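These are my notebook entries on a structure I looked through element by element. I set down what I looked up and what I found.

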Amino acid sequence: MSLGSWVLGLLNGLTIGLLAVGLVLVYKANRFLNLAHAQLGTLSALLLAKWVLDWGWSWWVAFILAVVVGVATGLLVERFFIGTLRRRGATPVRLLLMSVAVSFVLLGLTFVPSLGPNMNKAPMFPQPFSSSATVGGVVLTGMWILTAALVPALVLGLAAFLRFTTIGKGIRAAANNPDAARLCGISVSKVSAITWGLAGGLSAVSAVMQAPTQPSFNLPSLGPYLLMLTLGAAAFGAFVSLPWAFAGGIVLGLISQNVSAITSDASQAELAVFVAIFLVVFLRGRSIGRVFALTGGLAEATPVTRIPAVLRNSPLVRHQRAWMGAAAVLVALIFPKFPYFDTAGHRFLLILVLVYALIGIGLTMLIGWAGQVSLGHFAVVGLGAYLAARWGPHWSLPAVLLVAGVIGAAVMVLVGLPALRVGGLALAVTTMAFAVICADWLYRQDWVGSSQSFVNINPIGLGPDLGTPSSQLSIYYVALVVLVLGGAGAAALRKWGPGRLVIATRDNENAVSSFGISPATVKLMILAVSGLYAAVAGVLWADAWKVASPDQFTADFSVAIIAIPVIGGLGSVSGAVAAAVVIYATTFFVGPSVSSVFGNFGHNLGFQLFLAGIGQAIVLLQWPRGLAGLCQTVWQRYLERRAPLVETWAPVYEEEPEVTVPASGTPDLLTGSPAAPGPAARSSRPGRSRAASAGRNGKAPVLATEGIGVRFGGVVALDGPDINVRPGEIVGLIGPNGAGKTTLMNVVSGVLRPDQGSVRIYGREVADLPPDFRAAFGVARTFQDARLFGGLTVTETLQVAMTYQHKVGAVSAMLGAPWAQAAEVRTRMAAEEIVDRFGLRPWADTLTSELSTGTRRICDLAAQVAAGPDLLLLDEPTAGVAQREAEAFGPLLRRIRDELDCSVLIVEHDMPLLMGLCDRVYAMEAGRVIAEGTPVEIRNDPRVVESYLGTGETAIRRSGDRAEVGAGAPAEVGPAPSGAGRRPGTPRKSDP
Amino acid sequence: MSPFRQLRSWQGRASVAEQASAAVGAVLVVAVVAWLLVPPTGTGAPASVAVGGTGAAAGSTGAGGSGSSSSSPGAGALGTGSSTGGGVGSPAGGGAVPASGSGGAAGATGAAPSGGGAPVAAGTGAGGCVSPPGGDQGVTQSQIRIAVILIQLVGPAANSTFGIPPPATQQADVQDVVDSINASGGVACRKLVPVFFTGDPADTSNLQQTCVNIIQAQPFFVVDLGAYYTYPQLAVCYPQAHIGYVNTGGLSLSQQRQFYPYDWGLFLYDNLYRDTVFGLKQRGFFSPSSGFRKLGVMYTSCLPDLPKQFTGWLNQAGVPSSAIVGHDVGCPTAFDSPGDLEQAILTFKQQGVTNVTFVHDTADFSNFTTIAQQQGFTPKYGIGDEGIVAISYGSQKPNYQNIANAVAITTYRYGEERTPGYPPGAGTQRCNAIFAAKGQPPVYQQPIGQGGIVCSLLWMVQGAIQHEPSLLRSNVAAGLQASKSVDFSFPYGPNDFSAPGTSTAGQFWRVDQFLPSCSCWQVVDRNYHPSA
């Protein structure tokens, strides 16, 4: 290491940091990774060179104009691409793909000769001034001096702008909470446009600063390595901190430069950067996770097709998927026999289409189901190919597929481990780094690939005496078989327990934990399955190519293939297959014809990039839910048109009554039979721990807390509230906002780990156990928001709740193992029973995201019942529920308690309900218990009256109005007090 | 409940029949898994031999003379071929069998794809020429069909960016030269028939598609005008399919040996860089009296053995390891990162490097010299010419100031077209005559001497086939060696194919120098020196 290396590292780090700042700026405003950021300014740099070199303009004038062009580019991209898509509610991953399309378009423009300088006249990129200085042996050219001076000033200026100006505050406000910003009169779209303008300007400055040392403005020079550095730097700042992102850029620049100086080996420098990025993601995981939590779902829930009752027994409708699948397989079988495809070359391309489809299925699971973004999936494909090269000569194809798949799964898990705590963003960073390092280093290691530039791959036999598929046609059919099996396995996985868990984890990790499922395990599982698919695809890839080299598996491919799940419609297996066919068959077979339509110009790489980018953008804008959504819409229309026709001549089956789903309604808990589920959910809980059973038998308190302390910074949230819940009791928790009720629930359920104190369930200390472990002790809880799992139907939600007792592994589900089928049947039947008992039948197949708040709370309660708890924690279960249904809660909860023989700890502001329901009540204030006793004692406790209930006569009367409801006496609800939105008898949350 | 507990639970409830069925199923599953996991019988190599009659790779074993092929399905093709001796290839993949073919050679043809060529006994043709005996795919009584891959990088615009003419021009050039060959009697008493394909050097899928199409078309030989220049590793699919293949680039010695006799090139990297070291030594490049103190070596690790060998040759040439400062740029797909190049230059400066060379790192020459000029680092360059001289005038040109007086050890003829008074060689004149007859400019004036490339490659193939002991794909290299030498046109230099195992040209080198006065490379030592 020398001073010169530090200087070079610092200078390069400054430009990386500036790029990262731009990336973070857009992320803050739009909550997605803008992979086109580096390309926003390329046109500016080219134009600057043209203006200065060809037209003789002053560098400074040209620079200002170039920045203006960058700003304009950012604004145009926001206006016509990103903004349009965002206003349509696109998910972050869809926006990310749009940014890839934009990068293609912008790169395409750089190939237009008239936009660039005539480099024959002056081969060097123009410098701002000719003066130079030497530091540590490095000659600082004019551009580098400018970089050293301007970039820090720009970043500081930007930080000041965001911190002190009204517009800057608006940008930050809109970034943190768009809805609240709108309510404050901030135009979110205007803020977004300003942000993109700033980002465009920053990108232009970055491009101009880098231009003198860039070989060109094409894909390789602005490609994966620079993207990896930029993403890594942004990860330093958890994608939201501009100063940290800038510092991250400098740190990575210094690491890269100094390792290169020490080792004189570019690969080692990349490896060091890769390790650094991994460490950053690992260490900054929690911060990134918090940011990601604000991002919301990466993938939107796919609406359920509503099948009219008259058509439900139609064979076409009942077996629609099977018919479609069979038809697709049939077409795939005969496709290569068509005359056009009767060449080895075309059949080879058909194999590639099948391989891409298989990769697309794996990516769909990861992105669509799990909400995790991988920018390095093709690296695992490459790994599979190299494993095929290694073992192909010795093993049969099925064995190679199996072993490569397992190794691919393991590698994907390893790469994803640092990102597990976080989510899609972090995985995108680590996988991108993995993809870069695979192509540049890993594949060149003899213990993985080959130090030579390529490896031969011999045809791989099917097994002893089964021959070897060596012709393109036979390999095609092998690939087709694997794809069909892969598709069927994926469909089974999604349909059954593991798939539901993945969706549930994506939508609400806390709720999944409360049902005894570890979100980390679920994420690991789907990462592994996705990696398995990628590696298996790699084996087929190798079998088709017969050669493997690192160039075939560069990170560019990994970014490009994200198009498959997105265009297919996130989450749809068949959509992924269809998208792979549409994208790659079009590229391979239609693209050349389209290009030839445009004559010589059609063969220009710039034009092809432009065409590909525009095409991708149009698809994203026109069909936001992808091919699957498009097909679903068409199918839904068909069903709706067909239904009246069938109705005129076909009888409606009595056993399948048509269900009309109210647009906004709630289950009729009063007239229905909302009793507890009885045998289905409660009869046996084999998964329940021995500790819980022992505790129950020993009559120990179900729950006992002692000296719990929780602080949020300087705020004491819990200050030793000691409560206990005895078997069969219903215990209420009351108190004003900020009293610590929900915090206490979080501590008991394990969502929050206390700073001190003890939480005992049946006498066993559980304070250090994660939430999913507490389900083993019979703890279940609801959340205030009752979000549940937006991508699952009501029935599926109940099945998720029962998963703990009926666990099924991913492999079992994919293979359709008998025990998996049995578990599915059992949970389905039990869920149906609970659906009926809670009056949820009309919503059984409705996504929970489409339910009204009240119905969702009923569904939430039903899910808790399905879990069969010993201790049920209810956090404001009647919030948002209509009064009529809220009144039914008391009897309902008692019956649930009686039938499940469980205990209930309930936080509720509906005092009449609580007073009529509870055996005992704890009143809390400022994190402490201020009173404990029966409802009557609490109602008359002066401290409670003083702090919460209020001293007014009306308030006191209301707090006991429905005290007898629980005992079956009719309620006499008094007139509603002032304050919209509150039910009668509910104290003001802010009442002292 | 865990699956195991579920299994136990089920076991307790299930009927005897269900349990028996499950047991049988389990045994079957175990058997299938074991069958899948146990490697096929035989050693690793015969696993690839077990290719059916349509497998090109089966031929490789046959051609290599592996007797083990008789125990594989490929043996069926072999047996059929032998028994029918001289019959026309069967659609089932029998292929044609040479009348005088050996067992190994029979294996090669026996495993040929469906169809095949007509075997021909040695004899005198209608024109009085002597035809070699035998036959193979792509060979008929009157024709020898070869595949020619034209470059379609990204259309004419991009082709011209790299100094490459459009595909239509390339095709016309090939046709002109082929017409000339056929007009003078053809090849082995047959007309040479080119079948044209295009390849996009920037698109790996397209290159592979081209390869499988060509394999299916069953040519006798493949001539590549440069489509695989970017991804030469993908071109191994032709040798894998036992089809002779020649392109405009080089080969490593290990690759040549691995795919002999099917993989051809215009030079060997090993020879080129050995000659570079000793050629530079001859020029006094490493002499302290000419200012030499330390040598900076920029190298890629794409051919991992080459940098080590290069260091060994330098040591032999009297350059101690302490005077060598290496920098490994890895094996980037396109270019090394600017930051890494900057670091290399800084390291060279700090370590007192006075001279710089590049080993298999042509792509970074332009960026290196550009950054070096910015950094005030102006070493003496001495390079082995893998193509640097040719690309010095296009979009990837180096910084002319920085490379002033650079020396290139080259097997090409580039440089003579810009050297005043340099007379074209006989091969160049012959090629010029072909194009002049079609109204085209001489090859000196064509972009990168495109016409000369076409002439040289086709003459090389012509000479090889003409001298084959029998018309077999596996014998073309032997024919090349028998031809001893082919008088290439510009831009390729003289050659000597006579040594056994030879499948490349480039046995002679000379010296070019970049002269600031003309901003061009010129020949400074007109004598070709034999490779060490």
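**Entry 1. Strand β3 of chain B.** I began with strand β3 (residues 143–151) of chain B and asked how many of its nine residues are buried. Eight of the nine are buried, so β3(B) is largely enclosed by the rest of the structure. I note here that the model is a predicted one.

I then looked up the partners of this strand. β3(B) runs parallel to strand β4 (residues 191–199) of chain B, and nine bridges join the two. Within this pairing I found B:Leu150 bridged to B:Thr198 of β4(B). β3(B) also pairs with strand β5 (residues 221–224) of chain B, again in the parallel sense, over four bridges. There I recorded B:Val223 in β5(B) as the bridge partner of B:Val148.

**Entry 2. The seven-stranded sheet of chain B.** I traced an open sheet of seven strands in chain B, with the order β11-β10-β12-β13-β14-β15-β16 and mixed pairing. Which strands stand at the edges? They are β11 (324–328) and β16 (520–530) of chain B; each has a single partner strand, so one side of each is left without a neighbour in the sheet. Neighbouring strands of this sheet are turned against each other by 20° on average, direction ignored.

I examined β12(B) in detail. Strand β10 (residues 295–299) of chain B pairs with strand β12 (residues 355–359) of chain B in the parallel sense over five bridges. In this pairing B:Met298 stands opposite B:Phe358, and B:Val297 stands opposite B:Thr357. With strand β13 (residues 380–384) of chain B, β12(B) also pairs in the parallel sense, over two bridges. B:Lys380 of β13(B) is the bridge partner of B:Asn355.

Are the residues of β12(B) buried or exposed? I found five of the five buried, so β12(B) is largely enclosed by the rest of the structure. I also checked which way they point: B:Asn355, B:Thr357 and B:Val359 go one way, B:Val356 and B:Phe358 go the other, and all are buried. Finally, I noted that β12(B), helix α15 (residues 365–374) of chain B and β13(B) make a right-handed β-α-β unit.

**Entry 3. Chain A as a whole.** I counted the secondary structure of chain A as 41 helices and 15 strands. Of its 992 residues, 59% count as buried. I also looked at the contacts in chain A with a separation of 6 or more: residues 24 or more positions apart account for 79% of them.

**Entry 4. An exposed serine in chain A.** Where is A:Ser114 found? I located A:Ser114 in the loop between α5 (92–110) and β1 (133–135) of chain A. A:Ser114 has 5 C-beta neighbours inside 10 Å; the cut-off for exposed is 12 or fewer, so A:Ser114 counts as exposed. I also checked A:Ser114 against A:Lys50: the two are 64 residues apart in sequence, and their C-alpha atoms are 8.8 Å apart in space.

**Entry 5. Helix α16 of chain A.** I looked up helix α16 (residues 344–369) of chain A, which has 26 residues. From its first C-alpha to its last the helix reaches 36 Å, close to the 38 Å expected at 1.5 Å a residue. I found a bend of about 30° in α16(A) at A:Leu363. The helix is mostly covered, with 26 of its 26 residues buried. Just after α16(A), A:Gly371 takes a positive phi of about 70°.

**Entry 6. The six-stranded sheet of chain A.** I traced six strands of chain A that form an open sheet in the order β11-β12-β13-β8-β14-β15, with mixed pairing. At its edges stand β11 (779–781) and β15 (928–933) of chain A; each has a single partner strand, so one side of each is left without a neighbour in the sheet.

A:Val731 stands opposite A:Arg920 of β14(A).

Which helix packs on this sheet? I identified helix α31 (residues 741–749) of chain A, which touches β8, β11, β12 (871–875), β13 (903–907) and β14 of chain A. The direction of α31(A) makes about 150° with that of β12(A).

Terms used. Residues are numbered from 1 along each chain as its sequence is written. Chains are lettered from A and ligands numbered from 1 in the order in which they are written. This is a predicted model: local features need pLDDT of at least 70, side-chain atom pairs count only at pLDDT 80 or more; totals for chains, interfaces and linings use all residues. A residue is buried if 20 or more other C-beta atoms lie within 10 Å of its own, exposed if 12 or fewer, and partly exposed in between; C-beta atoms are placed from the backbone. Two strands pair if DSSP finds at least two bridges between them. The expected span of a helix is 1.5 Å times one less than its number of residues. The bend at a residue is the angle between axes fitted to the seven residues ending there and the seven starting there. Two residues are in contact if their C-beta atoms, placed from the backbone, lie within 7 Å. Axes are lines fitted to C-alpha atoms, for helices over the stretch in contact, and angles run from 0 to 180 degrees between N-to-C directions. A crossover is right-handed if, with the strands pointing away from the viewer, the path from the first strand over the helix to the second runs clockwise.
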